[in-house]
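Hi,

Here is the structure I said I'd pass along. Have a look at it first, and my notes come after.

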Amino acid sequence: MVPIMVLILGVDVKVAIASSLLTIIVTSASSSTVYLREGLVNLRAALTLEPSTAMGAIVGASITIGLPADLVRRVFGFGLIAISLLMLARTFSKPKESGYIKRWAWGVIFSFFAGMASGMFGIGGGVLKVPIMNLVMDMPIKEAVATSSFMVGLTASSGSMVYAIRGLIDPVLVLGFAIGIMPGATLGARSLKGIRSRYIKLIFSLVLLYAGIKLAGVG
Amino acid sequence: MGEDLGDLPMILRWGVILGLSVLAIGVVADHLWGFQLISEVGLFLIVATPISFLLFLSYKMMIERKYEIVILALVTLSVIAASALLSLR
């Protein structure tokens with residue numbers, strides 16, 4: 001969302017990050033309602049990892065606010081490049097399937113950085129949280145996706161508080177994107193049923209990589 | 001794996017729907033009369049939805065005597081509140 005707001009709509013990068021976090025709360029609330037009702041969310045894991053993630057989000061948001069807009073744009077670009085490369089790597093890696101969750105301490109430490117990325121870049125952070133839970137903590141992939149989806153809303157809520165206090169959220173952007181995303185996600189999910197998810201991830205990672213290069217100004 | 005939460009998760013869905021509805025009214029009010037308070041309330045409702053869910057969750061878990069979840073939820077709420085207060089400085 002942030003690349004669309006900045007590169008296409010010409011919105012200030014800090015306002016875009018702040019407004020994106022609010023939109024993430026809306027999407028996370030919709031998806032995690034389903035996951036929570038189906039009992040797919042591991043509440044113990046989510047609530048153990050969330051304090052450090054929320055702290056990270058608030059630290060990340062405070063860092064972004066303190067930096068000049070041009071630097072934020074570049075840092076965001078490099079962050080996006082790193083995330084797209086991580087997504088590319090995940091596209092070709094096989095998720096772990098285990099029933100016993102391990103390495104809680106590492107999970108808590110890494111979650112802080114996932115939260116920091118969320119607060120700094122206005123992303124949900126699922127792209128970082130899912131590998132942390134699945135690859136580091138050995139949580140089964142479906143459980144990791146559902147748990148991450150629930151955590152994303154809480155993390156975005158914590159990060160967006162810092163931006164909201166400073167009046168950096170654009171209500172029109174939030175409303176427009178939130179309304180567009182809800183039916184768009186349903187329509188997209190229906191029309192993409194026939195396409196293999198690996199190709200979708202690949203295309204999405206390459207689009208993110210391109211946006212990251214443009215924002216970082218290295219292309 | 002997961003807890004049986006019944007209809008409690010609907011707080012999340014209805015919270016953001018309420019927030020977006022108030023925000024929509026607020027955006028129109030701001031556009032027509034320059035009145036920003038309603039859109040600020042809408043934004044607040046959206047931001048507060050996940051946090052309110054945690055409060056209701058801890059209450060439900062307390063009734064069901066699942067104290068581990070209660071403590072974890074309250075710790076999460078305290079960390080969010082403390083960090084947000086610190087960021088004000």
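Predicted model: local features only at pLDDT ≥ 70, side-chain atom pairs only at ≥ 80, totals over all residues.

**Where the chains meet**

Let's begin with the contact between chain A and chain B. Together the two chains bury about 3300 Å², and 79% of that is on carbon and sulfur atoms. In residues, 41 come from chain A and 36 from chain B.

There are polar links across the interface too. Six residue pairs are in polar contact between chain A and chain B, counting pairs with both residues at pLDDT 80 or more. On the chain A side, α2, α3 (43-66), α7 (141-165) and α8 (171-191) each supply at least two of the residues that touch chain B. Sorted by class, that side of chain A has 26 nonpolar, ten polar and five charged residues.

**Salt bridges**

Over all chains, the structure holds six salt bridges. Two salt bridges are found across the interface of chain A and chain B.

**Helix packing in chain A**

That same helix α2 of chain A (residues 13-37) also packs on helix α4 of chain A (residues 69-91), with the axes 9 Å apart and an angle of about 55°. So α2(A) counts as oblique to α4(A). Which residues of α2(A) and α4(A) meet? From α2(A) they are A:V13, A:K14 and A:I17, and from α4(A) they are A:A69, A:V72, A:R73 and A:F76. By class, this contact of α2(A) with α4(A) has five nonpolar residues, two charged and no polar ones.

**Helix packing in chain B**

Over in chain B, take helix α1 (residues 10-33) and helix α2 (residues 37-63): their axes come within 6 Å and cross at roughly 170°. An angle over 145 degrees counts as roughly antiparallel, so that is how α1(B) lies relative to α2(B). The residues of this contact of α1(B) with α2(B) split into 18 nonpolar, six polar and no charged.

Cheers

Note on methods:
Residues numbered from 1 in each chain as written. Chains lettered and ligands numbered in written order. Heavy atoms only, no water. Axes fitted to C-alpha atoms, helices over the stretch in contact; angles between N-to-C directions. Helix = DSSP H or I, 4+ residues; strand = E, 2+ residues; numbered from the N terminus. Parallel < 35°, antiparallel > 145°, perpendicular 65-115°, else oblique. Contact = heavy atoms within 4.5 Å. Nonpolar A, V, L, I, M, F, W, Y, C, P; charged D, E, K, R; others polar. Buried area = accessible area lost by both parts, 1.4 Å probe. Salt bridge = Lys/Arg side-chain N within 4 Å of Asp/Glu carboxyl O. Polar contact = N/O pair within 3.5 Å; in protein donor to acceptor, adjacent residues only side chain to side chain.
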